[in-house]
Amino acid sequence: MPARPRWLLAVPDAIRQLEALDRELLTRRDIEQLFGVSRARAAQLMHTFGADLTGYARTLPRTRLLQQLRTYREGTEFRVEQVRRAHLLSELRKARLTGIRVTVPVEALEGRLSGLPVGVVVERDRIEVRYAGAKEAVVKLVALAQALNHDYERFEALVAGEGTSG
């Protein structure tokens, strides 16, 4: 399946902005800002929308772009992308609501590298986590992440080979 153009969902907002604009000619930079795209993608869009050469730069008449964007907004590709995006957002919301739930001991949240649970080892070029089930693995990984957060300088020393932990 070909990639969907990221700028497509920006069409309704772009139309509103263009309707309020008080000048007729648009530049590549205007297209960058209008759609939130890179310089190269804006140049491609200028070509796609039929920009004209004005002096040394390409310009795009605002009324021409408005007409083309209104056509895109009414087209199948735009509607399909709207539905796809809504479905994706719905699935992401469900994933957040149904995420894993594991009880983590308070000491795992406040730990340091010197107090990692048994089976968690941090050495130069190696981090090892031994566990006897999914929930235990999650608890040990949370403890490791929190220890790294609270004791980052010690972690840097360990990975540089200045001792071991665990």
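This note covers the fold, surface and aromatic pairs of a predicted model.

1. Overall layout. The chain holds 8 helices and 5 strands. From the N terminus, the order is α-β-α-α-β-β-α-α-α-β-β-α-α. The radius of gyration is 27 Å, well over the 15 Å that the globule rule gives for 166 residues, so the chain is more spread out than a compact globule. Along the principal axes, the C-alpha atoms fill a box of roughly 70 × 40 × 30 Å.

2. Burial and contacts. Of the 166 residues, 28% are buried. Take the contacts between residues at least 6 apart in sequence: 61% of them join residues at least 24 apart.

3. Surface and charge. The accessible surface is about 11,200 Å², and carbon and sulfur atoms account for 53% of that. The chain carries 27 positive and 21 negative charges, whose mean positions lie 7 Å apart.

4. Trp-7 and Phe-49. The chain has 6 aromatic pairs. In one of them, the ring centres of Trp-7 and Phe-49 are 5.7 Å apart; the planes meet at 80 degrees, so this pair is edge-to-face. The partners are 42 residues apart: Trp-7 sits in the segment before helix H1 (11-20), Phe-49 in the loop between helix H3 (39-48) and strand E2 (52-54). Both residues are buried. Ring pairs link Trp-7 and Phe-49 with Phe-35 and Tyr-72 into a cluster.

5. Tyr-152 and Phe-155. These ring centres lie 5.9 Å apart with planes at 45 degrees, so the pair is tilted. Both residues belong to helix H8 (residues 152-159); being 3 residues apart, they are separated by about one helical turn. Tyr-152 is partly exposed, at 43% relative accessibility. Phe-155 is buried, at 16%.

How values were computed
Residues are numbered from 1 along each chain as its sequence is written. This is a predicted model: local features need pLDDT of at least 70, side-chain atom pairs count only at pLDDT 80 or more; totals for chains, interfaces and linings use all residues. Side-chain values use heavy atoms; hydrogens and water are left out. Helices (H or I, at least four residues) and strands (E, at least two) are DSSP runs, numbered from the N terminus. The radius of gyration is taken over C-alpha atoms; the globule rule is 2.2 Å times the number of residues to the power 0.38. Buried means under 20% relative accessible area, exposed over 50%, partly exposed in between (1.4 Å probe, protein chains only). Contact means heavy atoms within 4.5 Å. Accessible areas come from the Shrake-Rupley method with a 1.4 Å probe; for residues, only the protein chains shown count as cover. Lys and Arg count as positive and Asp and Glu as negative; His and the chain ends are not counted. The place of a charge is taken as NZ of Lys, CZ of Arg, CG of Asp or CD of Glu. Rings of Phe, Tyr and Trp (its six-membered ring) pair if their centres lie within 6.5 Å; planes under 30 degrees apart count as stacked, over 60 as edge-to-face and the rest as tilted.
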